[in-house]
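This report walks through a sheet, its salt bridges and a neighbouring helix. Please keep the sequence and the 3D view open while reading.

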Amino acid sequence: MGNLSSDIKRKNSEEDLRLTVNLSEMFNLPFFPQDDGLRQAIGQAIIDAIVRKAENGDFLSGSTRKGYSKAYSESDAGVIYGKKAGARVNLRASGDMLNSLTVDLPSTSNKVEIAFIDSLESQKAHGHVNGSEVLPKRDFFGLTNKELSDIAKRFDSAVSDAFALELVGQTVEQGEETDLDFMARLS
(Lines give C-alpha, C1' and ligand atoms only; values in the text may rest on other atoms or scores of the structure.)
Protein backbone atom coordinates (compact mmCIF):
# COMPACT_ATOMS: atom_id res chain seq x y z
CA MET A 1 0.00 0.00 0.00
CA GLY A 2 1.19 3.47 -0.80
CA ASN A 3 -0.03 7.01 -1.22
CA LEU A 4 -1.50 8.51 -4.37
CA SER A 5 1.23 9.95 -6.59
CA SER A 6 1.70 13.69 -6.38
CA ASP A 7 1.57 13.84 -10.20
CA ILE A 8 -2.07 12.68 -10.07
CA LYS A 9 -4.99 14.88 -9.09
CA ARG A 10 -8.25 13.14 -8.24
CA LYS A 11 -11.74 14.55 -8.61
CA ASN A 12 -13.71 12.62 -6.01
CA SER A 13 -17.45 13.00 -6.53
CA GLU A 14 -20.03 10.27 -7.00
CA GLU A 15 -21.02 11.59 -10.42
CA ASP A 16 -17.50 12.17 -11.66
CA LEU A 17 -14.65 10.18 -10.16
CA ARG A 18 -11.59 10.87 -12.30
CA LEU A 19 -7.83 11.10 -12.25
CA THR A 20 -5.91 13.83 -14.03
CA VAL A 21 -2.28 13.00 -14.70
CA ASN A 22 0.09 15.82 -15.54
CA LEU A 23 2.29 14.22 -18.20
CA SER A 24 4.86 17.01 -18.31
CA GLU A 25 5.46 16.46 -14.56
CA MET A 26 5.37 12.68 -14.93
CA PHE A 27 8.13 12.84 -17.58
CA ASN A 28 9.88 15.90 -16.09
CA LEU A 29 9.48 17.96 -19.27
CA PRO A 30 8.66 21.65 -19.77
CA PHE A 31 5.75 20.51 -21.95
CA PHE A 32 4.41 17.21 -23.23
CA PRO A 33 4.46 16.57 -26.99
CA GLN A 34 1.20 17.07 -28.87
CA ASP A 35 0.81 13.37 -29.65
CA ASP A 36 -2.68 12.08 -28.85
CA GLY A 37 -1.70 8.49 -29.69
CA LEU A 38 1.08 8.59 -27.13
CA ARG A 39 -1.21 10.16 -24.52
CA GLN A 40 -3.82 7.45 -25.23
CA ALA A 41 -1.24 4.69 -24.82
CA ILE A 42 0.04 6.11 -21.54
CA GLY A 43 -3.54 6.51 -20.30
CA GLN A 44 -4.30 2.88 -21.16
CA ALA A 45 -1.15 1.76 -19.33
CA ILE A 46 -2.39 3.67 -16.28
CA ILE A 47 -5.79 1.96 -16.52
CA ASP A 48 -4.13 -1.45 -16.90
CA ALA A 49 -2.03 -0.83 -13.77
CA ILE A 50 -5.08 0.31 -11.77
CA VAL A 51 -7.10 -2.75 -12.83
CA ARG A 52 -4.21 -5.12 -12.10
CA LYS A 53 -3.80 -3.62 -8.61
CA ALA A 54 -7.53 -3.83 -7.89
CA GLU A 55 -7.68 -7.45 -9.00
CA ASN A 56 -4.77 -8.24 -6.68
CA GLY A 57 -6.39 -6.46 -3.73
CA ASP A 58 -3.53 -3.93 -3.67
CA PHE A 59 -5.15 -0.72 -2.44
CA LEU A 60 -3.82 2.74 -1.58
CA SER A 61 -2.98 3.72 2.00
CA GLY A 62 -5.85 3.92 4.47
CA SER A 63 -7.71 1.03 2.83
CA THR A 64 -8.68 -2.23 4.43
CA ARG A 65 -7.18 -5.47 3.19
CA LYS A 66 -9.86 -7.56 4.89
CA GLY A 67 -11.57 -10.13 2.73
CA TYR A 68 -15.29 -10.37 1.99
CA SER A 69 -17.51 -10.35 5.06
CA LYS A 70 -19.72 -13.29 5.96
CA ALA A 71 -22.77 -11.07 5.49
CA TYR A 72 -21.69 -10.18 1.93
CA SER A 73 -20.83 -13.75 1.03
CA GLU A 74 -24.32 -14.84 2.12
CA SER A 75 -26.09 -11.94 0.36
CA ASP A 76 -27.70 -12.38 -3.06
CA ALA A 77 -24.79 -10.59 -4.72
CA GLY A 78 -22.21 -12.66 -2.85
CA VAL A 79 -23.94 -15.89 -3.84
CA ILE A 80 -24.43 -14.83 -7.48
CA TYR A 81 -20.78 -13.82 -7.86
CA GLY A 82 -19.44 -16.76 -5.83
CA LYS A 83 -17.74 -14.66 -3.16
CA LYS A 84 -16.61 -16.56 -0.08
CA ALA A 85 -16.23 -15.03 3.38
CA GLY A 86 -12.63 -14.00 3.98
CA ALA A 87 -11.60 -14.36 0.31
CA ARG A 88 -9.36 -11.66 -1.11
CA VAL A 89 -11.35 -8.76 -2.58
CA ASN A 90 -10.66 -8.19 -6.28
CA LEU A 91 -13.42 -5.65 -7.15
CA ARG A 92 -14.46 -7.87 -10.06
CA ALA A 93 -17.99 -8.98 -9.08
CA SER A 94 -19.57 -8.37 -12.49
CA GLY A 95 -16.50 -6.68 -13.98
CA ASP A 96 -18.57 -3.69 -15.09
CA MET A 97 -16.94 -1.14 -12.79
CA LEU A 98 -13.32 -1.77 -13.80
CA ASN A 99 -14.31 -2.36 -17.43
CA SER A 100 -15.89 1.09 -17.60
CA LEU A 101 -12.60 2.91 -17.04
CA THR A 102 -11.66 5.02 -20.04
CA VAL A 103 -9.02 7.47 -21.19
CA ASP A 104 -10.08 11.07 -21.82
CA LEU A 105 -7.77 13.44 -23.66
CA PRO A 106 -8.34 17.02 -22.52
CA SER A 107 -7.49 19.83 -24.94
CA THR A 108 -4.20 20.52 -23.20
CA SER A 109 -1.55 18.06 -24.37
CA ASN A 110 0.12 18.09 -20.94
CA LYS A 111 -2.64 16.00 -19.37
CA VAL A 112 -4.49 12.71 -19.61
CA GLU A 113 -7.60 11.81 -17.63
CA ILE A 114 -8.86 8.44 -16.43
CA ALA A 115 -12.59 8.32 -15.73
CA PHE A 116 -15.62 6.03 -15.65
CA ILE A 117 -17.80 6.16 -18.76
CA ASP A 118 -20.90 5.14 -16.83
CA SER A 119 -22.27 7.17 -13.89
CA LEU A 120 -23.50 4.05 -12.04
CA GLU A 121 -20.00 2.55 -12.21
CA SER A 122 -18.55 5.88 -11.06
CA GLN A 123 -20.89 5.75 -8.06
CA LYS A 124 -19.82 2.18 -7.25
CA ALA A 125 -16.16 3.16 -7.52
CA HIS A 126 -16.74 6.22 -5.34
CA GLY A 127 -18.19 3.91 -2.66
CA HIS A 128 -15.13 1.65 -2.74
CA VAL A 129 -12.65 4.54 -2.81
CA ASN A 130 -14.24 6.36 0.15
CA GLY A 131 -15.95 3.57 2.06
CA SER A 132 -19.28 3.95 3.85
CA GLU A 133 -21.18 2.58 6.81
CA VAL A 134 -21.72 -0.69 4.93
CA LEU A 135 -18.75 -0.72 2.54
CA PRO A 136 -15.12 -0.86 3.71
CA LYS A 137 -12.72 1.64 2.16
CA ARG A 138 -10.82 -0.06 -0.66
CA ASP A 139 -9.14 2.80 -2.49
CA PHE A 140 -8.06 1.26 -5.78
CA PHE A 141 -8.33 4.38 -7.93
CA GLY A 142 -4.82 5.73 -8.31
CA LEU A 143 -1.16 4.85 -8.48
CA THR A 144 1.81 5.50 -6.22
CA ASN A 145 4.86 7.53 -7.30
CA LYS A 146 6.78 4.30 -7.94
CA GLU A 147 4.00 2.78 -10.05
CA LEU A 148 3.67 5.95 -12.12
CA SER A 149 7.46 6.09 -12.46
CA ASP A 150 7.49 2.49 -13.73
CA ILE A 151 4.96 3.42 -16.42
CA ALA A 152 7.02 6.50 -17.33
CA LYS A 153 10.11 4.30 -17.80
CA ARG A 154 8.21 2.11 -20.28
CA PHE A 155 7.35 5.16 -22.40
CA ASP A 156 10.49 7.23 -21.81
CA SER A 157 12.07 6.54 -25.20
CA ALA A 158 8.90 7.24 -27.20
CA VAL A 159 8.22 10.42 -25.23
CA SER A 160 11.84 11.61 -25.67
CA ASP A 161 11.63 11.01 -29.43
CA ALA A 162 8.29 12.85 -29.73
CA PHE A 163 9.61 15.71 -27.60
CA ALA A 164 12.75 16.05 -29.75
CA LEU A 165 10.71 16.03 -32.96
CA GLU A 166 8.40 18.69 -31.60
CA LEU A 167 11.36 20.85 -30.54
CA VAL A 168 12.88 20.54 -34.02
CA GLY A 169 9.53 21.47 -35.55
CA GLN A 170 9.23 24.54 -33.34
CA THR A 171 12.76 25.62 -34.19
CA VAL A 172 12.10 25.27 -37.93
CA GLU A 173 8.86 27.26 -37.60
CA GLN A 174 10.83 30.05 -35.92
CA GLY A 175 13.22 30.12 -38.89
CA GLU A 176 16.23 28.86 -36.99
CA GLU A 177 18.61 26.33 -38.46
CA THR A 178 18.37 22.89 -36.87
CA ASP A 179 21.23 20.44 -36.39
CA LEU A 180 19.72 18.38 -39.21
CA ASP A 181 19.74 21.42 -41.54
CA PHE A 182 23.32 22.19 -40.56
CA MET A 183 24.43 18.60 -41.25
CA ALA A 184 22.63 18.62 -44.61
CA ARG A 185 24.40 21.87 -45.60
CA LEU A 186 27.78 20.34 -44.78
CA SER A 187 27.28 17.34 -47.06
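## The sheet

Thr20 has Glu113 in S4 as its bridge partner. S2 and S4 run antiparallel and are joined by 5 bridges. Strands here are DSSP runs of E with at least two residues, and helices are runs of H or I with at least four, numbered from the N terminus. Two strands pair if DSSP finds at least two bridges between them.

The open sheet has 4 strands in the order S1-S2-S4-S3, with antiparallel pairing. S1 and S3 each have a single partner strand and stand at the edges, so one side of each lacks a neighbour in the sheet. Direction ignored, neighbouring strands are turned by 20° against each other on average. Helix H2 (residues 36-55) lies across S2, S3 and S4 and runs at about 155° to S3. Such angles run from 0 to 180 degrees between N-to-C directions, with axes fitted as lines to C-alpha atoms, for helices over the stretch in contact.

## Basis of the model

This is a predicted model, in which local features need pLDDT of at least 70 and side-chain atom pairs count only at pLDDT 80 or more, while totals for chains, interfaces and linings use all residues. Residues are numbered from 1 along each chain as its sequence is written, and side-chain values use heavy atoms, with hydrogens and water left out.

## Salt bridges around Arg18

The structure holds 11 salt bridges. The term means a side-chain nitrogen of Lys or Arg within 4 Å of a carboxyl oxygen of Asp or Glu. Glu113 forms one with Arg18, with the closest N and O atoms 2.6 Å apart. Glu113 lies in strand S4 (residues 111-116) and Arg18 in strand S2, so this pair ties together parts 95 residues apart in sequence. Arg18 also meets Asp104 in a salt bridge, at 3.1 Å from N to O. That pair links strand S2 (residues 17-22) to strand S3 (residues 101-104), 86 residues apart.

Which residues make up the network of salt bridges? Lys11, Asp16, Arg18, Asp104 and Glu113 are linked in it. Arg18 is buried, at 16% relative accessible area. Glu113 is buried too, at 18%. Asp104 is partly exposed, at 28%. Buried means under 20% relative accessible area, exposed over 50%, and partly exposed in between (1.4 Å probe, protein chains only).

## Asp139 and Arg10

The side chains of Asp139 and Arg10 meet in a salt bridge, 2.8 Å from N to O. Asp139 sits in the loop between helix H6 (119-130) and helix H7 (145-173), and Arg10 sits in strand S1 (residues 8-12), 129 residues apart. Asp139 is buried, at 4% relative accessible area. Arg10 is partly exposed, at 26%.

## Helix H6

H6 has 12 residues, which should span 16 Å at 1.5 Å a residue; its end C-alpha atoms are 16 Å apart, in agreement. The expected span is 1.5 Å times one less than the number of residues. At the start of H6, a side-chain oxygen of Asp118 comes to within 2.9 Å of the backbone nitrogen of Leu120. Just after H6, Gly131 takes a positive phi of about 70°.

The buried residues of H6 are Glu121, Ser122, Ala125, His126, Gly127, His128 and Val129. They pack against S1, S2, helix H5 (96-99) and S4. Contact here means heavy atoms within 4.5 Å.

Definitions and conventions. A polar contact is a pair of N or O atoms within 3.5 Å; within protein, one must be able to donate a hydrogen and the other to accept it, and residues adjacent in sequence count only if both atoms are side-chain atoms.
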